[in-house]
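Please read them with the structure open.

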Amino acid sequence: MFRRVLGKTLGFVGYTIQYGCIAHCAFEYIGEFVVCSGPSMEPTIINHDVVFSERMSRHLCKIQKGDIVIAKSPYDPNMNICKRVIGLEGDKVCTSSPSDLFKTHTYVPKGHVWLEGDNLRNSTDSRSYGPIPYALIRGRVCLKLWPPHSFGTLSESPTKRIIKTQSDSD
Amino acid sequence: MVLIMLIATLYSPLSSFLMAQQTTAGRRYLRAFVSGFFVAVPVTVTVLDRFAYVARVEGASMQPFFNPEGGLKSDIVLLNRWSVRNYQVQRGDIVSIVSPKNPQQKIIKRVIGLEGDFIRTLGYKNQYVRVPDGHFWIEGDHHGHSLDSNSFGPATWTSSSCHR
């Protein structure tokens, strides 16, 4: 009697470990669902939207300019931020705000990316903390799942802050 | 082309129906192999990602602690990922992080300072640096032969693991 209970418990624990590991592999290497909060990506992503972010682009280093990414916050590793990639390593980015008279530019250093939110007026991003290392990126947002009336892929950047270089048009 | 695809879609359920009638030792072996594969691979990947990882230390930046002879023999270390799951390290720990200069390379260095500490640097652009929140200052034991915070500044939690 006791042996049957022990056998069943061990079997249950074994199944839990197995499905837990499969779930970890799926969330780590395929994709995960993210609930976004905050106004920094309006109008592309509104507060309380659910999006699906896929992980394979980050592991294969295929993140491109103009992608929306989920990254670990450089100031608090427990917090995630959702922003758009404006510049990859070596790109020229504009660091001055649109209201400044003189425009200043900087180049993104090697191994880093420059992130900006779509809602430029209400977003803390690389304009305050500088470029972040590429390895902090967790995944690329590819689909918006909730609310149902805006289901589908996400639109291009509305802010026109991406500076296109000669090699981009190839 | 369409005819071939039609024949293929009709053939596979028919053949599996015929094969299911006879459970040979080969099919039982195949089933055991596939089920074992789906257990072993996720468990191994999860253990390597969350608990422990084995790595080889290359280079002279942590001499004399790692690779004291240099050259041909490289030390092999066990990295403990479980102890950094809450993002807590102490000064003096040796950690392995993804290099901020090259996301495909991992570097192993010692933690010298945590957030809020004031560091006197060796060869950095500012002589005194206050480590910002969420960052830490790492240096190799072999100063001068080491790509560490003295080159790229304070480092942050780009997938690190700890070796005590």
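In which segment of chain A is Pro147(A) found? Pro147(A) belongs to the segment that comes after strand S9 (137–146) of chain A. The model is a predicted one, and the points below should be read with that in mind.

1. Cis peptide bond in chain A. The bond that joins Trp146(A) and Pro147(A) is cis, with an omega of about 5°, and Pro147(A) sits in the segment after strand S9 (137–146). As background, most peptide bonds are trans.

2. Cis peptide bond in chain B. Here the peptide bond running from Gln63(B) to Pro64(B) is cis, and its omega is near -5°. Pro64(B) is placed in the loop between strand S1 (52–56) and strand S2 (76–80) of chain B.

3. Positive phi in chain A. Cys61(A) is a residue other than glycine, yet its phi is positive, near 55°; most residues other than glycine have a negative phi. Cys61(A) lies in the loop between helix H2 (56–59) and strand S3 (68–72) of chain A, and with a relative accessible area of 31% it is partly exposed, because that value falls between the 20% and 50% cut-offs.

4. Positive phi in chain B. Tyr87(B), which is not a glycine, has a positive phi of about 60°, and its place is in the loop between S2 and strand S3 (94–98) of chain B. At a relative accessibility of 23%, Tyr87(B) counts as partly exposed, since buried would require a value under 20%.

5. Extent of the interface. On the side of chain B, 22 residues are in contact with 20 residues of chain A, and the area buried between the two chains is about 1800 Å², with carbon and sulfur atoms giving 66% of it.

6. Polar interactions and composition. How many salt bridges are counted between chain B and chain A? The count is 0, whereas 7 residue pairs are in polar contact between these chains, with both residues of each pair at pLDDT 80 or more. Helix H2 (residues 25–50) of chain B contributes 8 residues, the largest share of the side of chain B that touches chain A, and the residues of that side divide into 11 nonpolar, 7 polar and 4 charged.

Key: Residues are numbered from 1 along each chain as its sequence is written. Chains are lettered from A and ligands numbered from 1 in the order in which they are written. This is a predicted model: local features need pLDDT of at least 70, side-chain atom pairs count only at pLDDT 80 or more; totals for chains, interfaces and linings use all residues. Side-chain values use heavy atoms; hydrogens and water are left out. Helices (H or I, at least four residues) and strands (E, at least two) are DSSP runs, numbered from the N terminus. Buried means under 20% relative accessible area, exposed over 50%, partly exposed in between (1.4 Å probe, protein chains only). Contact means heavy atoms within 4.5 Å. Buried area is the accessible area (1.4 Å probe) that two parts lose on being put together, summed over both. A salt bridge is a side-chain nitrogen of Lys or Arg within 4 Å of a carboxyl oxygen of Asp or Glu. A polar contact is a pair of N or O atoms within 3.5 Å; within protein, one must be able to donate a hydrogen and the other to accept it, and residues adjacent in sequence count only if both atoms are side-chain atoms. Ala, Val, Leu, Ile, Met, Phe, Trp, Tyr, Cys and Pro count as nonpolar, Asp, Glu, Lys and Arg as charged, and the others, Gly among them, as polar.
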